[in-house]
Amino acid sequence: MREIKLTLPVSEEQVRALNVGDMVLLSGVLYTGRDAVHKHLYEGKSIPVDIRGSAIYHCGPVVVKTESGEWSVRAAGPTTSTREEPYQATVIEKFGIRAVIGKGGMGAKTLKACKDFGCVYLHAVGGAAQVLAETVQKVRGVSMLEEFGSPEAIWELEVKDFPALVTIDAHGNSLHADVAASSEQKLNEVLGTKK
Amino acid sequence: MATNPKGPMKTPPAVPATHQTLFETLLELIRMTSTNLPPDVRKSVVDGLEKEKAGSAGEYAMKVIQRNIDIACGVSQPLCQDTGSILFFVKTPVGYDQISFAEVAEAAVAKATELGYLRQNSVDSITGQNSGNNLGPGTPTIYFEQHRSEDLDIRLALKGGGCENVGAQYSLPDSRLGAGRDLEGVRKVVLDAVYQAQGKGCGPGILGVVIGGDRSTGFSYSKKLFLRPLDDENPDGRLAELEKRIMQEANSLGIGPMGFGGNTTLLGVKIAALNRLPASFYVSVSYMCWAFRRQGVKAAANGALKEWIYK
Ligand code: SF4
């Protein structure tokens, strides 16, 4: 397994150099976005931040305001990505994001968009809310907080060495498809059924 | 933390002075369950990590999981931000006032939500509005039982949505899988459930499997199986053997932690059988994620904490 450090925003060339199975440590600024944000972008509406070249993170973080009035991230694990499958390809194409971060993998449309437009899917470890919150150095800002509420808002997070695994690359490969196929074959062997 | 859209908040019941001790005990039980995994689960995570190949994606996922367990416990913050369905399993002395207990439990859940040990996780299924304090129709869930003891036995499991979504119920015979109405058929459908889940339930997972019962008793009893210590032995030899076999075969599928590939697909399998109607044969499979949050206390009838159950 290769370990690769990347600083956001990234170029198309950097993204195309990644392969399924690479472990990435992300630094720089990324943006959270869940269902409400994806639907909003898909409908062609604008947002007050420029996410081009950066990453969108499927995450509804737990953020609190400290006594000094600053935002502090208390938990920041990934949420299930497949809910964004209907929107993701369009968001990749229209907004030029270079990485989608989440858990559970995504489907054929996103796989194709990653290949066509130069993007990768990075799988964070599900449930690892504390490890991932620790990588957040600073909350740079938040948009759409009033409209969408805290978990659905766009949080602009400055991270250092945020760990994730490339499970869909920009060459049409998907670790999810590979594991599904190999485990199906194994299952058929174990059950004594032929395919 | 704000959440949107906000629904009408159910006012938590007031806690009378007589129940203050029980309230404190329940609040502490919720905090411990949400932030600190019990020793049997920690041990199985360590065992899982040792089985992964050095430098593999599976090993990498298990290392992150292990570090997350340590940090959460150190800072007393939720292990995972999805603090899940709140499931209480309570045994009370004969004649004990369960109605008051339920009220105090609701008050403790609302307080724990305010303190951030629980996420705002109770949504009106028709309007989509979040109640904001985890109270509402059906939440939290409390299963009561009486027992012939002077003490309270209070256990809590927090079960996240990702893993709940990959649970499955099969009606045997199942022609797609060639699964008949016998233990061999049960084995086939359970392995199918593991295959279907892939990494989506935040594996490595723990299965609660009930053979028989009806559609509702099968699923609710399957959750109760999560109260068994991970390293116990099923007293029914036939089921003990089936548990071992499924565990070994599921781990040979190569799905691995998070579905990244690897040797640790499951951390445990617990199986029970309930009687069924002659006409039906259900197999109900509940999947619990690696963030296997369950704890319990023995308490005096006034609620004073006597001891932790999983230690
Ligand atoms: S399935 Fe479990 S570990 Fe995964 S996000 Fe849900 S609660 Fe957390």
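The legends below describe close-up views of a predicted model.

**View 1. The ligand and the residues around it.**
In this predicted model, the ligand lies between chains A and B. Chain A contributes Lys103(A) and Gly127(A) to the surroundings of the ligand, while chain B contributes Cys80(B), Asp82(B), Gly160(B), Gly162(B), Cys163(B), Gly201(B), Cys202(B), Cys289(B), Ala291(B) and Arg293(B). Sorted by class, this shell holds 5 nonpolar, 4 polar and 3 charged residues. Within chain B, domain 1 and domain 2 both give residues to the shell, and the ligand therefore lies between these two domains as well.

**View 2. The two domains of chain B.**
Chain B is divided into domain 1, made up of the segments 17-36, 79-160 and 293-308, and domain 2, which covers 162-288. The C-alpha centres of these two domains of chain B are 27 Å apart. Where the domains of chain B meet, 10 residues of domain 1 are in contact with 14 residues of domain 2.

**View 3. The five-stranded sheet of chain B.**
An open sheet of 5 strands in chain B has the order S2-S1-S3-S8-S9, with mixed pairing. Strand S2 (141-147) and strand S9 (305-308) of chain B stand at the edges and have a single partner strand each, so one side of each is left without a neighbour in the sheet. Neighbouring strands of this sheet are turned against each other by 20° on average, direction ignored. Inside the sheet, strand S1 (residues 85-93) and strand S3 (residues 152-159) of chain B run antiparallel and are joined by 7 bridges. Helix H4 (residues 98-114) of chain B lies across S1, S2 and S3 of chain B, and runs at about 145° to S2(B).

S4(B) and strand S7 (residues 282-288) of chain B run antiparallel and are joined by 4 bridges, and the bridge partner of Tyr170(B) in S7(B) is Val283(B).

**View 4. A pair of helices in chain A.**
Helix H3 (residues 85-95) and helix H4 (residues 108-117) of chain A have axes that come within 8 Å and cross at roughly 10°. Since angles under 35 degrees count as roughly parallel, H3(A) and H4(A) are therefore roughly parallel to each other. On the side of H3(A), the contact is made by Glu85(A), Pro86(A), Gln88(A), Ala89(A), Ile92(A) and Glu93(A), and these meet Ala108(A), Lys109(A), Thr110(A), Ala113(A), Cys114(A) and Phe117(A) in H4(A). By class, this contact of H3(A) with H4(A) comprises 7 nonpolar, 2 polar and 3 charged residues.

The peptide bond from Thr139(B) to Pro140(B) is cis, with omega near -5°, and Pro140(B) is found in the loop between H4 and S2 of chain B. A cis peptide bond also leads from Gly203(B) to Pro204(B), where omega is near 5°; Pro204(B) belongs to the loop between H6 and S5 of chain B. In the loop between helix H3 (57-75) and S1 of chain B lies Ser76(B), a residue other than glycine whose phi has a positive value, near 55°.

Technical notes. Residues are numbered from 1 along each chain as its sequence is written. Chains are lettered from A and ligands numbered from 1 in the order in which they are written. This is a predicted model: local features need pLDDT of at least 70, side-chain atom pairs count only at pLDDT 80 or more; totals for chains, interfaces and linings use all residues. Side-chain values use heavy atoms; hydrogens and water are left out. A residue is near a molecule or strand if one of its heavy atoms lies within 4 Å of it. Ala, Val, Leu, Ile, Met, Phe, Trp, Tyr, Cys and Pro count as nonpolar, Asp, Glu, Lys and Arg as charged, and the others, Gly among them, as polar. Domain bounds come from an automatic or database domain assignment. Two strands pair if DSSP finds at least two bridges between them. Helices (H or I, at least four residues) and strands (E, at least two) are DSSP runs, numbered from the N terminus. Axes are lines fitted to C-alpha atoms, for helices over the stretch in contact, and angles run from 0 to 180 degrees between N-to-C directions. Contact means heavy atoms within 4.5 Å. Angles under 35 degrees count as roughly parallel, over 145 as roughly antiparallel, 65 to 115 as roughly perpendicular and the rest as oblique.
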